[in-house]
Amino acid sequence: MVELYEEALLSGYWSRDFWLTGQPSPLAFRSTVKPRVDEAILAGMWLQKAGYIADFEESPGDAVIARERALVKQSFEAIGEQLQVSGLVIAQKTQVRQDPGTVLPPSDKDIKQLIATLPEGTMQLVALSLYELGLRVFELLEQMKIPPSWLGNVDRSIIGGQTLGYLPDLDVVFSNASDIEKRCKWRVKGKSGKIRWVMIPPKLLRLLWKYAVATRRALLKGKPPELRSKHELFLNKRGQPIHYDNISLALRRANDTLHRQERITAHPLRHAYACKFIEVCILEDFANAGVDPKTASYEQFMRSGEGAIVVLQANLGHAEREMTMRYLQQLAGREMAFRYQNAFNGEVDALTEDVSRRTSSKRDRAAA
């Protein structure tokens, strides 16, 4: 059973996209293929133990396996053709990069509620890290690693903060130096292999260390050595490095609990980080220049935000400046929209009030 269908799994015939479009798509081996293969083996062992089948461990001949594999493949190919001609399939989605200028990011209150609703421990800290660092999910999953110094080990081949993917060393975590913000940095490989520095707030870095030596250690208690030797920071309840599906499920349940119509998923936390970063930078510049943000012009917002864009582009790992600029345009446009709408409302209120008075007067005469 395993040998027959493993190839179908690896080919992508059991993917969600296949049953929607008829087109096979690759599966994630660790999260999709391996658990099902393991489950099939356990099921076969149970069936044999219960007396329902015999000779489960006996392998059929190579010729039999080859023939049956060909039949399985032929069957799935036929299903794919039927799906494509049935008219019931959903066209494959084109991967279009989401324009941040069209996305309204979650507010500070929304994010606070979401994090408070998530399970304590791993998931709360994952959401906090995505928001405070503006990370892509795969960067957090694959790049956030524990340096040996956090575990009391000496490994000169790995220098925390300098070696790609490893968080700063322990001496940085507990440093009280005046330049601590400059030392709390972490090298990350983003999209297209682009490497950048991510600046970590010192308090968040200490919280990550506390998670590593307390929560993470508890999750690994009694687990096999191969799990304890892994360097990924965030683990699930089984002591394994968390997967995207773990994060997605936790966020979905939190949104359901909060009865949110506009869902907060992982990527909007990155948008929220970008907008918040620009907003804080502009308000800081306005305060230093004595500018009232309530009366600042669109040009003043854009001019003040130019410096923030330079830093934010590097922080987000954007290859094109235009992509980062859209966050600034969104913020400036939002502030202007409220102000101009209020001015417009004040201008037309007199007309609305006049219609309201005439309507009330007519109703009073009819009642009399």
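Guide: The chain has 16 helices and 2 strands. Helices (H or I, at least four residues) and strands (E, at least two) are DSSP runs, numbered from the N terminus. This is a predicted model, in which local features need pLDDT of at least 70, side-chain atom pairs count only at pLDDT 80 or more, and totals for chains, interfaces and linings use all residues. Residues are numbered from 1 along each chain as its sequence is written, and side-chain values use heavy atoms, with hydrogens and water left out.

Now the helix pair. Helix α15 spans residues 298–316, and helix α16 spans residues 321–367. The two pack at an angle of about 145°, and their axes are 8 Å apart. Axes are lines fitted to C-alpha atoms, for helices over the stretch in contact; angles run from 0 to 180 degrees between N-to-C directions. The crossing of α15 past α16 is right-handed: the near helix is turned clockwise from the far one by less than a right angle.

Which residues make the contact? From α15 come Y298, F301, M302, G305, E306, I309, L312, Q313 and L316. From α16 come R321, T324, M325, Y327, L328, Q329, A332, G333, E335, M336 and R339. Contact means heavy atoms within 4.5 Å. By class, there are 11 nonpolar, 5 polar and 4 charged residues. Ala, Val, Leu, Ile, Met, Phe, Trp, Tyr, Cys and Pro count as nonpolar; Asp, Glu, Lys and Arg count as charged; the others, Gly among them, count as polar.

Next, the setting. Of the 368 residues of the chain, 35% count as buried. Buried means under 20% relative accessible area, exposed over 50%, and partly exposed in between (1.4 Å probe, protein chains only). P268 lies in helix α14 (residues 266–289). P268 is buried, because its relative accessible area is 16%.

H259 sits in the loop between α13 (244–258) and α14. Its phi is near 55°, a positive value in a residue other than glycine. Most residues other than glycine have a negative phi. H259 counts as exposed, because its relative accessibility is 70%.

Last, confidence. The chain averages a pLDDT of 83, where pLDDT is the predictor's confidence in each residue, from 0 to 100. Over residues 91–96, pLDDT stays under 50. Where pLDDT is low, the predicted coordinates should not be read in detail.
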